[in-house]
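Subject: Structure handover

Hello,

Here is the structure I promised to pass on. Please open it beside this email and follow along.

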Amino acid sequence: MLAAPFPTLFSPLRIVGLTFANRIVMSAMSTHMVGPGGSVSPQQIAYYRERALGGTALITVEYACVSLEGKARDWQLVLDSPANIGGHIKLVEAIKDSGANASLQLHHAGRQTYPHYIGGRQPVAPSPVESKYFGPAAIARALTVAEIEGLIDSFAKSAKWAVEAGYDAIELHAAHGYLLGQFLSPLTNKRDDDWGGDFERRLRFPKAVIAAVKAAIGTHRPLIYRFSGDEFVPGGLTIEDTELIAPHLVAAGADALHVSAGIMDCMEFVIEPMSMPEGWRLYLSRRVKAKVDVPVITVGQVRLPSTAERALVAGDADLIALGRPLLVDPFWPAKARAGKVDDIRPCTSCNWCIGPAGKHRGVGCAENPRAGRELDAALSDFGKGRDAIVVGAGPGGIVAALLLDQAGFKVALHEARPSVGGGLIVSGTPPHKENLLLYLEYLERRLSSSKVTLHLNSRRTTEELCALKPAVAVMAIGSAPLLMEIDGIDAPTVHQAFDVLLGDDGVATRVQGQSVVVYGGGETGCETAEFLADRGARVLLVSRSPQAKLARSAERLYRKQLRERLGRNPNIAVIENSHIVRIEPDRVTIKGPDGSTSTHAASAVFIAQGRRPAAPPLDILESAGIRAACIGDANDIGRIGEAVADAYRVVMALEKRLDPVFVAC
Ligand SMILES: Cc1cc2nc3c(=O)[nH]c(=O)nc-3n(C[C@H](O)[C@H](O)[C@H](O)COP(=O)(O)OP(=O)(O)OC[C@H]3O[C@@H](n4cnc5c(N)ncnc54)[C@H](O)[C@@H]3O)c2cc1C
Ligand SMILES: Cc1cc2nc3c(=O)[nH]c(=O)nc-3n(C[C@H](O)[C@H](O)[C@H](O)COP(=O)(O)O)c2cc1C
Ligand code: SF4
């Protein structure tokens with residue numbers, strides 16, 4: 001018999017009265033899907049049920065605020081009175097009926113909030129220290145002693161209501177620079193009274209909250225204390241500090257420690273972008289674990305079951321918390337347990353899930369269009385063998401083809417290039433972005449195990465589709481470059497940056513030791529500059545905008561690191577607020593903001609001046625009787641997440657378009 005894969009990961013553990021079936025914990029992730037007054041919504045119940053079904057031992061329900069002036073967001077759970085217990089009872093039932101234990105994270109934002117989230121009030125904190133992230137308009141006032149004592153009581157009461165709702169464990173959110181962490185940190189606690197002034201007094205509030213909550217939940221339910229092992233900000237807590245702090249938290253009553261990292265001023269350490277390596281934070285939990293005798297949970301950038309197993313065996317932690325990996329694939333644990341690692345949809349840390357507010361109000365995932373939409377009906381078998389053609393095998397087209405296949409269509413996927421991937425290849429080629437290629441590999445595996453017929457080197461036109469007359473056509477043909485009028489733009493030394501990253505243009509292999517120019521300070525220009533510099537070129541990056549706007553459409557945490565890297569790369573120089581006015585075979589002429597011109601050596605010029613949607617004419621297809629849709633960049637230039645979400649939306653809507661239900665009245 002074959003040995004079970006990942007035996008330590010799938011071994012049980014007992015923490016006080018609670019048995020964990022395995023070592024996997026879902027870490028708290030706000031869903032922004034709450035009901036009125038911070039109550040639990042039916043959508044949240046469906047979302048957590050699915051994650052519990054996937055085999056996770058403990059589901060930590062997202063942060064619930066214990067007091068209204070401590071709300072971090074509009075869309076946050078509130079448990080400041082018994083009013084919302086009813087929803088939590090249903091939520092806990094759903095989690096437990098699906099085979100997992102349920103924990104609730106209790107939270108107070110302290111200074112890390114805006115007045116408009118807390119009814120126009122001024123935020124409160126141990127001391128009035130401005131947060132870089134929230135700025136001067138959100139500066140907090142210092143809590144009075146009576147308020148501090150009241151807050152200890154608020155945590156205890158919320159914990160009691162959580163227990164009444166049936167939660168098996170309580171997690172205190174003292175990580176990421178929120179109130180409990182603010183009392184501990186010398187950066188934010190400048191008091192000189194019983195609640196601050198030295199190490200002992202900074203510990204007093206967290207210890208008092210732990211003791212009060214422990215008293216409220218009883219000895220048989222674990223109290224998990226989540227804190228940042230290192231705050232990664234000047235003047236903040238370091239790992240050396242938290243090594244000293246950890247035993248005090250345990251002595252106060254914490255049954256397990258959950259070691260996260262960072263505060264809001266440095267979000268790239270809290271929810272790290274893809275440039276951070278696999279398992280980079282394990283040293284934090286390892287160092288804390290060496291100082292305490294209670295179980296320690298690690299979290300952050302653990303994507304592979306093999307990393308999790310190794311960390312447990314090496315004694316880096318006793319439990320592994322997964323956040324985004326369970327957003328993208330709730331069945332990560334079940335698949336790992338069955339040894340089907342290749343079936344796990346990989347989280348690339350693209351951070352679309354924390355992307356611009358408003359684009360997807362509830363939680364979502366770039367690769368998993370059902371995340372946050374678990375109440376949607378399952379895709380039915382409505383295709384009934386009808387023909388569907390998908391044109392373009394970028395992420396949008398591949399996902400559309402897979403969904404149509406699942407819905408029972410006979411699917412042909414046509415791709416103009418010799419391989420699938422499209423913009424996903426472009427996105428995953430620059431340095432530090434190779435995680436995105438894991439998603440491409442996953443999609444390729446899904447394609448090869450599906451019934452989709454793939455036609456490579458097959459560029460299709462709308463006229464050809466009309467002649468083929470499938471029942472359904474999905475146009476996922478991406479974008480085209482915006483054309484520029486520059487003297488010399490047609491020279492053979494001029495290349496589209498997009499094509500270079502796509503690998504269709506062998507020029508990248510010939511830039512070693514050459515001086516080249518990249519024209520465009522957007523995400524594509526900046527990434528192309530880094531890509532070419534990595535290949536030995538001396539790059540001049542010419543931006544029409546000010547340097548502060550470099551890569552402005554990139555995901556903000558990744559962007560922060562990209563800009564830092566560009567700034568310290570000796571092979572990249574930036575000229576801002578300038579235009580290229582002439583291109584010659586060996587040089588470019590640049591016009592600066594004051595109208596003066598300068599010439600610069602350039603054996604090649606890479607244009608990164610934006611793209612426009614390919615926008616195929618759907619009306620021609622529709623008038624030929626084909627149900628047609630256009631998705632992704634072909635429709636509107638966006639991200640992988642938008643292309644995948646479009647694919648899902650279009651396929652889900654097709655059933656009604658193909659088989660309309662007529663209601664007689
Ligand atoms: C430099 C760069 C970096 C990026 N980084 C990120 C990132 O980090 N994260 C992120 O989310 N997004 C990123 N994006 C955006 C992302 O690449 C796109 O939003 C995404 O690829 C759009 O997917 P799509 O399926 O709509 O189109 P595409 O990925 O563009 O796919 C279109 C496909 O259609 C094919 N095609 C075109 N015409 C035809 C035809 N007539 N017949 C057959 N096939 C055809 C093309 O060859 C191509 O394979 C980046 C974009 C660029 C340029
Ligand atoms: C959408 C989203 C919401 C989050 N909300 C919370 C939260 O409510 N409480 C918390 O402690 N951490 C929160 N986090 C941080 C995660 O719990 C986790 O620590 C982080 O994502 C790193 O782990 P991962 O790499 O496994 O995702 C959130 C993360 C994401 C992506
Ligand atoms: S959106 Fe990106 S980072 Fe977030 S869970 Fe999905 S794949 Fe991971």
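Below is what was found in it, from the whole chain down to single residues.

**Ground rules**

This is a predicted model: local features need pLDDT of at least 70, side-chain atom pairs count only at pLDDT 80 or more, and totals for chains, interfaces and linings use all residues. Residues are numbered from 1 along each chain as its sequence is written, while chains are lettered from A and ligands numbered from 1 in the order in which they are written.

**The whole chain**

The protein chain has 19 helices and 28 strands. Helices (H or I, at least four residues) and strands (E, at least two) are DSSP runs, numbered from the N terminus. The radius of gyration is 27 Å, close to the 26 Å that the globule rule gives for 665 residues, so the chain is as compact as a globular protein of that length. That radius is taken over C-alpha atoms, and the globule rule is 2.2 Å times the number of residues to the power 0.38. Along the principal axes, the C-alpha atoms fill a box of roughly 75 × 70 × 60 Å.

Buried residues make up 52% of the 665 residues. A residue is buried if 20 or more other C-beta atoms lie within 10 Å of its own, exposed if 12 or fewer, and partly exposed in between; C-beta atoms are placed from the backbone. Take the contacts with a separation of 6 or more: 72% of them join residues 24 or more positions apart. Two residues are in contact if their C-beta atoms, placed from the backbone, lie within 7 Å.

**Domains**

The chain is divided into domain 1 (13-359), domain 2 (387-480 + 613-657) and domain 3 (485-609). These bounds come from an automatic or database domain assignment. The centres of domain 2 and domain 3 are 31 Å apart, taken over C-alpha atoms. Their contact takes five residues from domain 2 and eight residues from domain 3. On the domain 2 side, four are nonpolar, one is polar and none is charged. Here Ala, Val, Leu, Ile, Met, Phe, Trp, Tyr, Cys and Pro count as nonpolar, Asp, Glu, Lys and Arg as charged, and the others, Gly among them, as polar.

**Ligands**

Where does ligand 1 lie? Domain 2 and domain 3 both give residues to its shell, so ligand 1 lies between them. There are 39 residues around ligand 1, and Gly-394, Gly-422, Gly-423, Gly-478 and Gly-632 come nearest. A residue is near a molecule if its C-beta atom, placed from the backbone, lies within 6 Å of it. Helix H12 gives the most to this shell, with four residues. The shell divides into 16 nonpolar, 14 polar and nine charged residues.

Ligand 2 is surrounded by 23 residues, and the closest are Ser-27, Ala-28, Met-29, Gly-323 and Arg-324. Strand S4 (58-65) and helix H9 (324-328) each supply at least two residues of that shell. Its residues divide into eleven nonpolar, nine polar and three charged.

Ligand 3 has 13 residues around it. The closest are Arg-324, Cys-347, Cys-350, Cys-353 and Cys-365. Eight of the shell residues are nonpolar, three polar and two charged.

In soluble globular proteins, nonpolar side chains tend to be buried together. The largest nonpolar core here has 209 residues. Helix H19 gives the largest share of this core, nine residues. Such a core is a set of buried Ala, Val, Leu, Ile, Met, Phe, Trp, Tyr and Cys residues joined through C-beta atoms within 7 Å. Ala-400 is among those with the most contacts inside the core. Leaving out residues up to four places away in sequence, Ala-400 touches Val-390, Val-474, Ala-476, Ile-631, Ala-647, Val-650 and Val-651.

**Single residues**

Ser-158 sits in helix H3 (residues 145-165). Ser-158 is buried, with 26 other C-beta atoms within 10 Å.

Most residues other than glycine have a negative phi. Phe-232 has a positive phi, near 55 degrees. Phe-232 lies in the loop between strand S10 (223-228) and helix H6 (239-252). Lys-469 also has a positive phi, of about 50 degrees. Its loop runs between helix H14 (462-468) and strand S17 (472-475). Lys-469 counts as partly exposed, with 13 C-beta neighbours inside 10 Å.

Best wishes
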